[in-house]
Structure formats: C-alpha cells, structure tokens
Amino acid sequence: MWRRPAGFLLVFAAATAALWLLSVRLSAGQTRRALRFPADLEELRDLAEALRDYERQHRGAALALFCGAYLYKQSFAIPGSSLLNVLAGALFGPWMGLVLCSVLTSVGATFCYLLSAAFGKQLIVHFFPEKVALLQGKVEENRSSLFFFLLFLRLFPMTPNWFLNLSAPILNIPMSQFFLSVLIGLTPYNFICVQTGAILSQITSLDAIFSWDTLLKLLAMAVAALIPGSLIKRYSKKHLKLDGDKQAQTLNGKKSS
C-alpha cells in the first residue's frame, strides 16, 4: 500500500537534492545572495538583479540552472511557474524566454504526467473523486475531438493546469496529444508573462499579468479553440447517423426478404 507514496517521496527527495547541488555548483561565489524561488514581485526583482550579471558571464550555467528549477516546479506541480516565466523574460529576453518557457512547460508537464501515472493515480482519485469524475465525463463527451478540447482547457484562463497534469493519465489522455496541447495552449499565457519580465523594472504589481484585458483575450482564444472540435463532432455525428440509417435499412431489407 505504501510503495507508491514511498517511491514518489524518494523521487522527490532525489530531484530536490539534485537541484540544490546544481544551484550550489553553478552559482558558488558568483551571486550576492542565496538562490531560492521568488514568492512575490520584490523577491523576483532581487533574484533577477542577482542573476543578470551572472547570466552575462555564465550564460550556459544560468540556462542550465533555470531549466532545472523550472522542470522541478512543473514536474511536481508546485505553484509559481508564472513567476519563473517573468524571470525568463528578464534574463533571456522576450523571444528566447518565450521559446524556453513553452518547451519547459511542455516537458515539465509531461514529467508530471509520468509521475502521476507511476505513483499518483490512486491518491488523486481518493482525494479528488468528484473532480476526476466530472473531468472524465467531459473528456469522454469530447473524445472524437479530444485535442481541441484539451486546447480549450489550456487556453481557458481559469483552468487548474496542475490538476489537469495530474489527472491526465487517469483519463486515458494520449501523451502525444497531452504534450502538444500544453505546448500550443499555454504559449499565449507564457508570452504575456515573458513580456512582463522584459519590462520588470517598470511594473509595480503582478496584477498587470492578470488584468481583465488579459483574461478576456485568453478567454476569446479558448472559445476559438472549441470551434474546430465542435465542427468535428457535428460532422462525426452526422455521418454516424447516416451510416446507422443505411445499416438499419440493410438489416430491414434482409429481414423482409
């Protein structure tokens, strides 16, 4: 009974130790402050300032450290990736930061998918039975156009992405569709965060990322993502009905002969 939680804790401890060793090895004597995940705008500014000079002198090491930290947060569904998106814009610029965050988000979410499949299925169903059942029903309703439904969930600004990552293996979502939906669906959100990071010194609050204007744009993109799926479902139902009518006519013809 305890093998799966114990296995997960072992993986988590090993990943934590590896990230700590990486940060100590790469930043030893190079930064003026201890490295830790930022919790607010002030800490984010301090960290960006501390890492900016380090990144100019040791670009490869800074990139490796950022990738390790980002994958750690994504893999274990730890909140705060949006702050790392902003940090990427401050350190690497808007376009490289966007590519970096989009790839790392997809890879990290896939690691989370695999960890959930290996260790977390029973725990997730035990602690979130209603949410899993609700999402399972929606996935089955949209199975014929699953990718577009997943894209909608990723683009929709209120979707709890951490829960979607953890529950995806339980819902029998193919990993390829899962990966691509994260890569494409979270790119607009990542773009907004990275662009904010590029002007980090000018913003006074992280509310700029989550303004009503931003949320409405993401909502519009989410609704647009549903259109292809709706067309596919309608097309499929129409043709299935026609095929069913033809089959019924054939069967009736056989019975009457």
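Thr-159 sits in the loop that joins helix H7 (146–155) to helix H8 (161–167), where helices are DSSP runs of H or I with at least four residues, strands are runs of E with at least two, and both are numbered from the N terminus. The model is a predicted one, in which local features need pLDDT of at least 70 and side-chain atom pairs count only at pLDDT 80 or more, while totals for chains, interfaces and linings use all residues. Residues are numbered from 1 along each chain as its sequence is written, and side-chain values use heavy atoms, with hydrogens and water left out.

Once neighbours within four places in sequence are set aside, Thr-159 is in contact with Leu-153 and Leu-164, contact being heavy atoms within 4.5 Å.

Ala-77, in the loop between H3 and H4, has a positive phi of about 55° although it is not a glycine, and its relative accessible area of 24% makes it partly exposed. Asn-172, in the loop between H8 and helix H9 (175–185), is likewise not a glycine and has a positive phi, near 60°; at 55% relative accessibility, Asn-172 counts as exposed.The interior can be followed through its nonpolar cores, each a set of buried Ala, Val, Leu, Ile, Met, Phe, Trp, Tyr and Cys residues joined through side-chain atoms within 4.5 Å. The largest has 25 residues, and Phe-66, Leu-87 and Leu-200 are those with the most contacts inside it. At least two residues of this core come from each of helix H2 (41–57), helix H3 (59–75), helix H4 (81–92), helix H5 (94–127) and helix H10 (187–198), with H4 giving the most, eight residues. Leu-200 touches Leu-41, Leu-44, Arg-45, Ala-48, Val-86 and Ala-90, when residues up to four places away in sequence are not counted. A second, separate core of 20 residues includes Val-132, Leu-164, Ile-170 and Leu-186.

The UniProt record, an unreviewed entry, places the feature "transmembrane region" at residues 83–104, 111–128, 148–166, 178–203 and 215–232; its positions are given in the numbering used here, feature names are shortened, and annotations may be inferred rather than shown by experiment. Residues 83–104 are 95% helix and 0% strand, with end C-alpha atoms 14 Å apart, whereas residues 111–128 are 94% helix and 0% strand, with end C-alpha atoms 21 Å apart.

Methods:
Buried means under 20% relative accessible area, exposed over 50%, partly exposed in between (1.4 Å probe, protein chains only).
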